[in-house]
Amino acid sequence: MSLFLLGLIRFLTGAQARWYGCPPKAEQRIYFANHQSHADLVMIWAALPEELRSITRPIAAKDYWTQTPFKQWITTAVFNAIYVDRVRGQRSGLPGESAAEQDPLEPLIEALNNGDSIILFPEGTRGNAEEPQPFKAGLYNLAQKFPGVVLVPAWINNVQRVMPKGEVVPVPILCSVTFGAPLQVEAGEERRAFLDRARAAVIALRDV
Amino acid sequence: MGMNQFLRGLSATQQVGALFLIVFGLLAIVSVAMVVLSLRERGDDAAGEARRNELRYYNGLLRTSWLMVVVFWVGWASGERVATVLFGIVSFFALREFITLSPTRRGDHRSLVLAFFVVLPIQYALVVSAHFDLFTVFIPVYVFLAIPVVSALADDPQRFLERNAKLQWGIMVCVYGMSHVPALLLLRFPGYEGKTAFLVFFLVFVVQTCMIVQHLAGRKLAREPVAPHVSRSFNWQSWAIGVLVASFLGGLLAGITPFKPGQALAMAVIACVAGSMGHLVMKALKRDRGITNWGGEGKSVTGASGLLDRVDALCFSAPVFFHSVRWYFGL
């Protein structure tokens, strides 16, 4: 199934990976990317080389990806995704709010503790605009908690053209995922400043 | 002369097989030469860099040639149906490249689905079933109307003409043009049964030769370009040299075609003119999009180019060649 899906995605979109700022290396990483379509997750999964795909877990929105038994099955059995409750995740993602109440990042922290890499969409929701929306705090919090994990920005190109909202049949259009140079939280860097810098790093990859 | 006698004594199948053997052998020799060339030390200066770039360009060309010859060989060995399917896949990838670099809007989605999953398969099915009357008008007549209807139903009038023109063009070049290559396999010349693969070879050979000779001549002559904003290399002298050389070779190949030498020469001229002009038109499209080639954006950075860059001349020459042959020989 995994191979069939991969073949299908390559046939339709090419799913080309472009490694610009870093090589595809098997170290623990957090990939963070722009988010325009539910297919983003599928795309970045397909763009990673085989050996990284097995150790990298994408984040999937619980409400969407558990809608039907098929979606649920494909996210758990094929993508090995981590479900995140979007409604709760958005609320506590607001800047300034304390992490005292139950942490929506819990499943991500667990995965990182297990040594897995994760794929994160820090905008929280899909955007329709040219540029991604401001990033939510989750990325900063995870970076603080796991200073050893490498943060890799990524730009996913064209996916929204393959299958716009509300359509069922995908159209073959070449898509690419560009991976950039790793980022770090600088000593004493503010949350907002870091998130804006991370966002800028993702946007910058659009034009390379 | 003895060689010629020997070749004439072979059956049609053996002759085609021998042709592939010769082509594979030539490609192997060129490939070995390229490897040797790439091993040679080059300076780090600008000249060395230019040489390396040139080498990369020819390597790309060589890779496509290998791919095309393998496609032809597999197609020939496994029959006309499989060959047609293979060309259908090439069409699909070429159209994918074309659409990727022609921005579409949400309202075009259904039309795109129609183009890729309905028009393309039907066109190639018409080739396989040799419905030539419908095959030649299906896209220019029926699809020409169907695509804008679907787009209009999507209720988005913004840049409507422009968006539809793009789509029509993509289908016309990548599907309609390309589908005429396997259609050649199904032409029935009296006394030429089982040898139509030679006709495809003839077309591809003269068109590709014309493009390569034109490229090399342009490099040597370094004349003023005719349309510098579209192509910095196109000029009439090197164009004429390309067409003449390729057509002359085409005339020499008359023995493997159903044509007499004069006819072969004329057909080669037609194919070369159509192909090289089509290539120029595609260059204008690329310039309009601000790109140098049709490959994925990642590839254009590394200097290699897309599939459509390699086959565009063929896409334009195949329909013209096909119709000329059918009309002249009354098939």
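User: How many residues does the contact take from chain B and from chain A?

Analyst: This is a predicted model. The contact takes 22 residues from chain A and 21 residues from chain B. A residue counts when heavy atoms lie within 4.5 Å.

User: What is the area that chain B and chain A bury between them?

Analyst: About 1800 Å². Of that, 58% is on carbon and sulfur atoms. The value is the accessible area lost on putting the two together, summed over both.

User: Which three residues supply more than any other three of the area that chain B buries against chain A?

Analyst: B:R96, B:T100 and B:H109. They supply 33% of it.

User: Why is the pair A:E167 and B:R110 called a salt bridge?

Analyst: The closest N and O atoms of A:E167 and B:R110 are 3.1 Å apart. The cut-off is 4 Å, between a side-chain nitrogen of Lys or Arg and a carboxyl oxygen of Asp or Glu. The pair is Glu with Arg and falls within the limit, so the name applies.

User: Which helices of chain B each supply at least two residues of the side that touches chain A?

Analyst: α4 (80-100), α5 (109-128) and α11 (297-302). The residues on that side of chain B are nine nonpolar, six polar and six charged.

User: What makes B:D309 buried?

Analyst: Its relative accessible area is 9%. Buried means under 20%, so B:D309 qualifies. The residue is found in helix α12 (residues 307-329) of chain B.

User: How do you know that B:D309 and B:K286 are in polar contact?

Analyst: Their side chains are joined at 2.6 Å.

User: Why is strand β3 of chain A described as largely enclosed?

Analyst: Six of the six residues of β3 (residues 56-61) are buried, so the rest of the structure largely encloses the strand. A:T56, A:P58 and A:A60 point one way, while A:R57, A:I59 and A:A61 point the other way. Side chains in a regular strand alternate between the two faces of the sheet.

User: What makes β3(A) and β5(A) a pair?

Analyst: Three bridges, in the parallel sense. At least two are needed, so they pair. A:R57 stands opposite A:I118 in β5(A). β3(A) also pairs with β4 (residues 82-84) in the parallel sense, over three bridges. There, A:A61 stands opposite A:V84.

Notes. Residues are numbered from 1 along each chain as its sequence is written. Chains are lettered from A and ligands numbered from 1 in the order in which they are written. This is a predicted model: local features need pLDDT of at least 70, side-chain atom pairs count only at pLDDT 80 or more; totals for chains, interfaces and linings use all residues. Side-chain values use heavy atoms; hydrogens and water are left out. Buried means under 20% relative accessible area, exposed over 50%, partly exposed in between (1.4 Å probe, protein chains only). Helices (H or I, at least four residues) and strands (E, at least two) are DSSP runs, numbered from the N terminus. Buried area is the accessible area (1.4 Å probe) that two parts lose on being put together, summed over both. Ala, Val, Leu, Ile, Met, Phe, Trp, Tyr, Cys and Pro count as nonpolar, Asp, Glu, Lys and Arg as charged, and the others, Gly among them, as polar. A polar contact is a pair of N or O atoms within 3.5 Å; within protein, one must be able to donate a hydrogen and the other to accept it, and residues adjacent in sequence count only if both atoms are side-chain atoms.
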